[in-house]
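I keep these entries as a record of what I looked up in the structure.

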Amino acid sequence: MTSLPETTGKKLGLVVDLDICVGCHACAVNCKEWNAGAKSAPLTDYDPYGKKPDGVWFNRVHTYETTDDAGRGQTVHFPRSCLHCEDAPCVTVCPTGASYKREEDGIVLVNEDICIGCKLCSWACPYGAREYDENQGVMKKCTLCVDKIYNENLPEESRVPACVSTCPAGARSFGDLGDPDSEVSRLVAARGGYDLMPEQLTKPVNKYLPPRPRQDGREGAKAPRMLDHVDGTTDGAGLIARWVDKILS
Amino acid sequence: MHPAKSVIFFTTASGAGYGMMIVLAFLASLGVLPREAGFGFATFGLAFALIVSGLLSSTLHLGRPERAWRALSQWRSSWLSREGLAAVIAFVPLGLFAISWSFNLITSSAAVALGTAGAALSLVTVYCTAMIYASLRPVPAWFNGWTVAGYLVIGPMNGAVILAFLLDASDVDQAAAITRLLALVLLMIGLGVKLAYWRNIHASAPVSTAGSATGLGHLGRVEMTGSPHDNDNYLLREMGFRIARKHADKLRRITVWSGFIIPMLAMVDGLVFPFEPLTLPFTVIGLVACQVGVATERWLFFAEAKHAVTLYYGEQAV
């Protein structure tokens, strides 16, 4: 049924720290790697080794540059994936019941066996989280690695989404955002985590942590000391070097 | 939004078919519609052909057309599902009306009752089609009442223009005059609604911005310097369509003249000089122009609409 559950037991989701992300795309690659063999397999590629490779990905890393009024710029790497919204519009528009939100943990999934490939869910999502598989004729999306996070054959520490376990910078965290005492919820509270496009009224579960404010000198921070080519101190330099230094300075 | 040919054909063709049915039921209730098999075959037959070919085209664009029947199940939440269900249910009174009227099977009043029920369900179906688009918050151009008004007017309007030709060609003078008048009124309302729809696109404040999409707006202007992929992907092909906006003004002029003003002149001509030899050719010109205009209108409806996901790919506001 494509009506949304009233409440979900847990609100499993991701917290992405834009202050830490270095834009290495490892999360996107490991997402592709895991999901190409998991629930939504195959994660189809078209022309993978040709001139115009293209295909289904659940995680895309953008890079943005911001410029403020004073002309100061900042580069921010921005991974984009399904936010597992509480009021997921992609679920309610589905005419077949293929799109659903799980009552127990809030994960939004597609039942590919009954999806008719009408693509309306991808129109309803403001975040571009859903990608259509043109070979299979069905819609696909991030599963929050539902087949990994509950997999008892894996060691406990591996039961997190592939994007989280692979992030070399530690920019991604996974947990229950419905529990105010969970580690992720405390992180969101401490760092001012926010929703993407709250005006779209989707109530995303995933949160983003903003880049920390830049140090621009006005707060008393100083630029790091630069090495001088001719140092003021002459300790350890030879006689001729000291003599040259004296003449030239 | 990508203007898929199948969806443009579906919404314009089935819209016109349902519109014809509504006008036919109206003429039947006035008692001016002939009850005759050949005439019924031409008018009801064309209306059904438009509806059915439109619906078929909409299922053929699915990734899995063989599963289309499943789309009837989620009417509690999905406008697409409601549309499918309304379309299926509408066939019952419409089919009974067409057959019983044309073959003189039951009394006029009983047939008119069926026709009225069919017309109401036709309007419900077109309303559901409109709501599929009008309920999508990420596409602000669609997420408003003008979308619904446009669909509800243009279907019956086009239906009336087509029927005015068929009635004229069949020499059913009284019904032709009434239909021309109705078409003229609907053409005027349709033009007004469309102009208001366009004004609304321009006058509305942006709903979402690159700043709100990334949450980086407090840092200043947000620009994408690195795309996740070098080539187009599904999102850009489906929702990042840009060609139309370049030619929007020209295409709008084509829509206004071809879709509304030329058919209006043809309808006025038919009302003023109903028995002149040139009236029928003028009606045909109005009919053809209307089809071109309505198809252009529908193409623009998709192509001009910006989707929020484009904010992640360099668009500044939608």
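I noted the rule used: on a 1 Å grid over the protein atoms alone, a pocket is an open set of points with protein on both sides within 12 Å along at least five of seven lines, a cavity is a set of points where a 1.4 Å probe fits but cannot get out, and lining residues have an atom within 4 Å of a point. The volume of the largest pocket is about 640 Å³, a volume being the space filled by probe spheres set on the points, with grid points joined across faces, edges and corners.

The model is a predicted one, in which local features need pLDDT of at least 70 and side-chain atom pairs count only at pLDDT 80 or more, while totals for chains, interfaces and linings use all residues; side-chain values use heavy atoms, without hydrogens and water. Residues are numbered from 1 along each chain as its sequence is written, and chains are lettered from A and ligands numbered from 1 in the order in which they are written.

I then recorded the confidence. The scores are ipTM 0.94 and pTM 0.92. Chain B averages a pLDDT of 96, and 100% of its residues score at least 70; pLDDT is the predictor's confidence in each residue, from 0 to 100.

Which elements supply at least two residues each to the lining of the largest pocket? I found helix H3 (120-124) of chain A, together with helix H1 (5-30), helix H2 (37-60), helix H3 (79-102) and helix H4 (108-134) of chain B. H3(B) gives the most, with six residues. Helices (H or I, at least four residues) and strands (E, at least two) are DSSP runs, numbered from the N terminus. By class, this lining has 22 nonpolar, six polar and three charged residues. Ala, Val, Leu, Ile, Met, Phe, Trp, Tyr, Cys and Pro count as nonpolar, Asp, Glu, Lys and Arg as charged, and the others, Gly among them, as polar.

The second largest pocket has a volume of about 460 Å³. I list Pro140(B), Ala141(B), Ile201(B), Ser204(B) and Val318(B) as nearest its centre, among 21 lining residues. Helix H6 (173-203) and helix H10 (248-272) of chain B give two or more residues each to this lining, and H6(B) gives the most, with three. The lining of the second largest pocket divides into 11 nonpolar, four polar and six charged residues.

I next checked the cavities and found eight of 30 Å³ or more. The largest cavity holds about 130 Å³ of space. Of its 18 lining residues, Thr11(B), Ser14(B), Gly15(B), Val126(B) and Tyr151(B) are the closest to its centre. H1(B) gives the most to this lining, with seven residues.

Finally, I turned to the sheet. Three strands form an open sheet in the order S5(A)-S4(A)-S1(B), with antiparallel pairing; two strands pair if DSSP finds at least two bridges between them. The edge strands are S5 (73-81) of chain A and S1 (221-226) of chain B. Nine bridges join S4 (residues 59-67) of chain A to S5(A), and His62(A) stands opposite Phe78(A) in S5(A).
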